[in-house]
Amino acid sequence: PRSSEMPSETRTRRLAERIREELAEVLLSRTADPRLEGVLVSGVEVDREFAFATIYVTALEGTERRVDALRGLRAAQGFLRSTLAARIPLRSFPRLRFRWDDTAERAAGVDAVLARLREEESAGGGAGA
């Protein structure tokens with residue numbers, strides 16, 4: 001049982017990576033929608049049945065582009081899916097779901113909290129010494 005699961009997991013990861021690479025190229029070269037300029041594909045997850053591909057995106061300008069970028073991607077969903085299906089041979093190509101990847105924003109928030117704690121610690125440590 002375990003050995004039969006491994007190729008499927010490997011194939012799923014390979015497909016996710018291939019979708020990420022191809023979609024990144026399509027977004028750079030083949031989309032005319034200004035809402036999609038500067039949109040980066042940060043990751044892709046494909047379910048085990050290959051029914052859905054969840055595409056995680058972010059933008060160079062950050063969170064302020066979130067709503068427009070997601071609307072643009074959803075508007076281009078049919079075009080993107082058919083373009084990817086032409087580039088990646090599968091019996092049935094997964095449906096695309098787009099999600100905003102806020103990892104960078106969350107990391108920046110954590111960094112800010114840590115910096116504030118370090119400042120408070122050094123200010124408190126300096127006063128008590």
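The legends below describe close-up views of a predicted model of a single chain.

The model is predicted, so local features are reported only at pLDDT of at least 70 and side-chain atom pairs only at pLDDT 80 or more, whereas totals for chains, interfaces and linings use all residues. Residues are numbered from 1 along each chain as its sequence is written, and side-chain values use heavy atoms, with hydrogens and water left out.

**Figure 1. Order of the secondary structure elements.** The chain contains four helices and three strands, which follow one another from the N terminus as α-β-β-α-α-β-α. Helices (H or I, at least four residues) and strands (E, at least two) are DSSP runs, numbered from the N terminus. Of the 129 residues in the chain, 30% are buried; buried denotes under 20% relative accessible area, exposed over 50%, and partly exposed the range in between (1.4 Å probe, protein chains only). Among contacts between residues at least 6 apart in sequence, 66% join residues at least 24 apart, a contact being heavy atoms within 4.5 Å.

**Figure 2. The largest nonpolar core.** This core has 27 residues, and those with the most contacts inside it are I19, I55, L73 and L80. A nonpolar core is a set of buried Ala, Val, Leu, Ile, Met, Phe, Trp, Tyr and Cys residues joined through side-chain atoms within 4.5 Å. At least two residues of the core are supplied by each of α1 (2-29), β1 (39-46), β2 (52-59), α2 (66-75), α3 and β3 (95-100). Helix α1 gives the largest share, six residues.

Figure 3. Helix α3 spans residues 77-87, and its residues L80, T83 and L84 are buried. These residues cover an arc of only 95° around the axis, which puts them on the same side of α3; the arc is that of the directions from the helix axis to the C-beta atoms. Leaving aside neighbours within four places in sequence, L80 is in contact with L23, V26, L27, T31, L73, L96 and F98.

Figure 4. Residues A69, L70, G72 and L73 of α2 are buried. They cover an arc of only 160° around the axis, which puts them on the same side of α2. On the other side of the helix, R71 and A75 are exposed. P34, in the loop between α1 and β1, counts as exposed at 56% relative accessibility. The C-alpha atoms of P34 and A69 are separated by 8.9 Å, although the two residues are 35 residues apart along the chain.

**Figure 5. F50 in the loop between β1 and β2.** F50 is placed in this loop and has a positive phi of about 60° although it is not a glycine. With a relative accessibility of 13%, F50 counts as buried. Leaving aside neighbours within four places in sequence, its contacts are R11, T12, L15, S92, F93 and P94. The C-alpha atoms of F50 and A16, 34 residues apart along the chain, are separated by 9.7 Å.

**Figure 6. D101 and its polar contact with S42.** D101 lies in the loop between β3 and α4 (103-128) and counts as buried at 18% relative accessibility. The side chains of D101 and S42 make a polar contact (2.6 Å). Such a contact is a pair of N or O atoms within 3.5 Å; within protein, one must be able to donate a hydrogen and the other to accept it, and residues adjacent in sequence count only if both atoms are side-chain atoms. Apart from neighbours within four places in sequence, D101 is in contact with S42, Y56, V57 and T58.

Figure 7. G38 is found in the loop between α1 and β1 and is partly exposed, with a relative accessible area of 25%. From C-alpha to C-alpha, G38 and T58 are 8.5 Å apart in space, and they are 20 residues apart in sequence. Leaving aside neighbours within four places in sequence, G38 is in contact with T58, A59 and L60.

**Figure 8. R97 over the ring of F52.** The charged end of R97 sits over the F52 ring, 4.3 Å from its centre. A charge sits over a ring if NZ of Lys or CZ of Arg is within 6 Å of the ring centre and within 35 degrees of the ring normal.
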